[in-house]
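Thanks, everyone, for making the time this morning.

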Amino acid sequence: MVTLSYILKDLSRRRFQTLSAIGALALAMGGLTFLVLYGLGLGFNYSKLPWRVSVGLNYIFAVFILIASILVFLIGLIALSSFSSLLTGLRVRDIGIMKAIGLAEEVNSFFLFESLIIAFLGCVIGIVGGLLSFYLTTVFFRILGFSVISVQPFSVASVLFILGMVISFISIYLPLHRSIMKLQTSNALSPQTMKLRLGNLGRRSIARASPAFKIASRSALGDKGSSRTLISLFLISCLLSTIIFGGQIISGTVQNYVERGIGEGVFLIAHKDIVAYYVNRLSFNPLEDVAAPNLSNPGYNIPVGFVDWLRSQPYVKGLDPRLIAELTAYEVKLVTPVPDGYMIVGDDRRAQVLALGVNPGDVLNDWVLSGRFINEGDESALVVGDSLLDVVYDISQEHLKILGRDFDIAGACVDPLNGGYTIYLKYETLQALTGFEDPNVVLVKLDLEKTSISDFEGSVTRNNLELYDLTSVLDKDLGFLQDVWLSLSTLPSLTIIIGGLILINFTALSVSARSNDFKVMKAVGAKRKDLRGIVMTQTFLLVVLGAVPGVMAGWVFCTSFLVLSPSLPSVLTIAIDVVLLAIIFAALSVVSVYYVRRMTAHVVT
Amino acid sequence: MDDQKPGGNAIELIDVSKTYRVDDRTVNALLEINMEISTGEFVTATGPSGAGKTTLLNIVGGLDKPTEGEVRVLGLTISELEEDVLAAFRCRRIGYVFQSYNLVSTLTAAENIEFAMELAGSHGENITEKAMVLLETVGLKERANHLPGQLSGGEQQRVAFARALANDPPILLIDEPTANLDDSTAIEIVRILCLLKGKAKTVLVTTHDRRIVRLADRCLRMSNGKIET
């Protein structure tokens with residue numbers, strides 16, 4: 001049995017490699033711990049907080065946090081696995097020597113314990129760091145006035161620790177174990193071992209290139225280890241750009257969903273009590289909840305004559321009279337025949353909803369819809385707000401019961417109104433169900449070149465009604481989303497920092513694995529600028545062939561699969577992102593050059 | 001600077017010492033070495049392991065700096081040169097052959113030689129031709145396109161010789177050239193050293209091989225960081 005002291009000596013004397021591996025794992029575990037706790041404490045629970053963010057919007061934020069956490073962990077694992085392969089390459093001779101002097105099973109246990117120590121230290125440091133960061137962030141958010149739902153950080157951390165230990169141990173130990181099993185002792189001790197085995201890849205095409213370019217290109221692309229580096233760089237860049245672009249796309253998309261749900265340039269006309277109630281229901285962060293007035297009160301009705309007068313005005317571009325009522329929607333269980341009998345779909349769930357009777361052709365909103373909106377012929381169909389989806393098990397099969405009547409669900413919309421607890425059905429249908437006569441809300445779009453707000457407001461107030469510009473509530477909601485996004489922006493920032501550090505760490509280790517070549521070059525007369533040129537060319541090739549396709553793949557993923565109807569960031573924002581990524585990759589070159597300089601400070605080979 | 005001034009000193013060491021710190025202990029690798037090697041002289045340095053032979057070579061070649069003393073090579077005090085100036089000097093004036101071959105692993109045999117020539121500022125088709133001539137000299141023309149990992153130890157050593165000669169340097173520093181080789185391969189190396197002697201280059205070789213010592217104009221015997229004779 002190999003004693004622990006040998007293993008500890010080996011690890012401490014390979015300080016740079018050991019610290020690189022532990023550092024990468026700690027960063028990945030710390031990022032994962034922080035993001036999961038952050039998600040559980042804040043991000044996943046927007047809909048449970050006093051704010052009235054719909055489940056759909058909350059879901060988008062939650063998905064983003066979840067993706068960010070998984071990506072950070074994946075970046076860490078990829079880096080760790082690549083580290084491990086690099087370290088294995090550096091250890092081949094050691095493994096051969098150990099086998100040659102008579103160690104058999106002990107070689108396995110030696111590297112098994114080494115892997116365990118690295119995995120344990122990386123996970124512990126990472127989780128402690130993640131917990132500390134979470135506590136500090138919680139304190140910071142509480143100072144800013146945000147609520148953070150309390151979570152059980154230690155139980156979460158324990159689960160993550162076990163998960164991290166198992167996965168990281170496997171990813172460190174497996175390549176070493178494979179190497180130990182496959183290695184022929186004589187090969188390991190041969191002077192040829194550890195030398196590059198270049199295939200035909202690129203040899204003809206670069207035959208006329210300068211030796212410096214050949215060194216750079218073959219180091220970057222030539223052998224199996226280099227291909228692994230390239231793949232790792234591709235994956236890490238892909239994940240990093242997914243976070244950066246994805247965050248911006250999600251932020252922009254959520255804002256776009258809200259703009260479409262409320263509508264731009266839309267005015268609300270109603271009795272002042274109804275205005276206060278409706279605006280309150282549209283606000284994501286109301287200061288206090290406004291109780292529903294008695295909506296059946298005929299005093300809240302908007303005279304049909306006034307609606308007809310509005311319709312006849314040339315400056316009215318759109319008119320959307322509505323009947324609103326607070327009702328309870330019940331899930332209707334469905335019995336579906338199956339080959340062996342029948343199956344019951346659904347439960348007895350219910351929810352308080354704001355029901356809106358609308359004329360489908362007049363609706364001014366342009367919600368993001370799943371399914372379809374109701375049409376003039378839909379007497380028994382309705383559209384539900386996104387939060388109501390939580391209440392219904394399967395919208396494609398189930399029904400909703402409103403005031404004793406069953407309705408098919410035609411579609412679902414992302415609705416900022418009433419936190420997404422809404423149903424839209426035909427005006428006449430709701431009129432028949434509730435017995436309300438006239439509309440109690442009118443939404444209107446005006447051509448402000450043909451009239452002035454004050455003139456129009458005069459016409460409204462003469463009918464004892466109030467005019468409210470919904471742009472102000474839209475602005476407030478968008479402002480609120482900006483604040484939420486600001487709090488979430490720690491995620492991409494943290495991921496960029498973690499990803500950047502891991503990449504830099506990884507680059508340094510890759511360069512150190514080729515330290516002997518650099519020393520030889522310097523010994524035969526290469527100047528610092530020659531070495532710098534080789535390293536820069538090598539990094540440039542890796543960036544062009546690994547990182548750039550990775551960034552592009554991340555962009556394609558974000559725009560195609562991340563979210564429904566994505567809003568793309570502006571050209572300026574994309575340009576800033578590209579500059580940011582370029583800075584990260586430039587940092588890689590600088591770090592590589594720094595390490596080469598440090599390694600070749602003493603040329604003695 | 002005249003590289004081949006007859007009778008002048010190509011290499012001159014004045015009171016050169018090199019010490020290393022290992023934990024709390026000071027190790028004297030070289031102790032107050034005074035040495036002169038004339039232009040065109042073929043000198044060997046022998047001695048037991050740890051005598052300081054490789055350190056001496058590294059210091060003469062500017063790969064390592066002395067802790068004390070002055071190192072003059074071709075009239076230039078190299079111990080005072082800046083890193084890049086020293087690299088350029090080494091590139092054109094000194095050919096180095098390492099005990100463990102030390103070829104750039106990502107370049108073929110021919111490219112390793114071309115690389116040394118490019119570092120010295122030569123470019124174009126003629127460096128490829130010159131590399132092939134040098135490989136022919138060391139008997140490896142047919143292995144020109146093989147990577148170091150595809151060559152045997154003796155072949156790598158011969159490529160290292162060809163690389164050392166790439167820029168036709170006036171001085172050659174050769175560290176234990178036959179130490180890792182079998183007898184028949186070692187004879188090939190001795191043959192190459194014979195060729196070098198005929199070219200009137202200043203050669204300093206560290207070795208235990210009697211066949212090489214016999215070739216030398218002078219033999220330095222080293223022990224405990226000092227030159228005894």
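In which sense do strand 1 and strand 2 of chain B pair, and over how many bridges? Strand 1 (residues 9–22) and strand 2 (residues 25–38) of chain B pair in the antiparallel sense, over ten bridges, where strands are DSSP runs of E of at least two residues, helices are runs of H or I of at least four, and both are numbered from the N terminus, and where two strands pair if DSSP finds at least two bridges between them. Within that pairing, Val16(B) stands opposite Ile33(B) in strand 2 of chain B. The two strands form a hairpin with two residues between them, and Asp23(B) in the turn has a positive phi of about 55°.

Before I go on, some conventions. This is a predicted model, in which local features need pLDDT of at least 70 and side-chain atom pairs count only at pLDDT 80 or more, while totals for chains, interfaces and linings use all residues. Residues are numbered from 1 along each chain as its sequence is written, and chains are lettered from A and ligands numbered from 1 in the order in which they are written.

As for confidence, the model scores ipTM 0.76 and pTM 0.67. The mean pLDDT of chain B is 87, and 97% of its residues reach 70 or more; pLDDT is the predictor's confidence in each residue, from 0 to 100.

Staying with chain B, it has seven helices and ten strands, and of its 229 residues 52% count as buried, that is, with 20 or more other C-beta atoms within 10 Å of their own, against 12 or fewer for exposed and anything in between for partly exposed, with C-beta atoms placed from the backbone. There is also an open sheet of six strands in chain B, with the order 6-7-8-3-9-10 and mixed pairing. Strand 6 and strand 10 (226–227) stand at its edges with a single partner strand each, so one side of each is left without a neighbour in the sheet. Further in, strand 7 and strand 8 (residues 202–206) of chain B pair in the parallel sense over five bridges, with Ile171(B) opposite Thr202(B).

Turning to chain A, we find 17 helices and twelve strands, and buried residues make up 45% of its 605 residues.

How many residues of each chain are in contact across the two chains? There are 27 from chain A and 28 from chain B, counting two residues as in contact if their C-beta atoms, placed from the backbone, lie within 7 Å. On the side of chain A, the elements that give two or more residues are helix 7 (211–221), helix 15 and helix 16 (528–562). Helix 15 (515–523) of chain A is also included in what covers the buried residues of helix 2 of chain B, and those buried residues are Leu86(B), Ala87(B), Arg90(B), Cys91(B) and Arg93(B).
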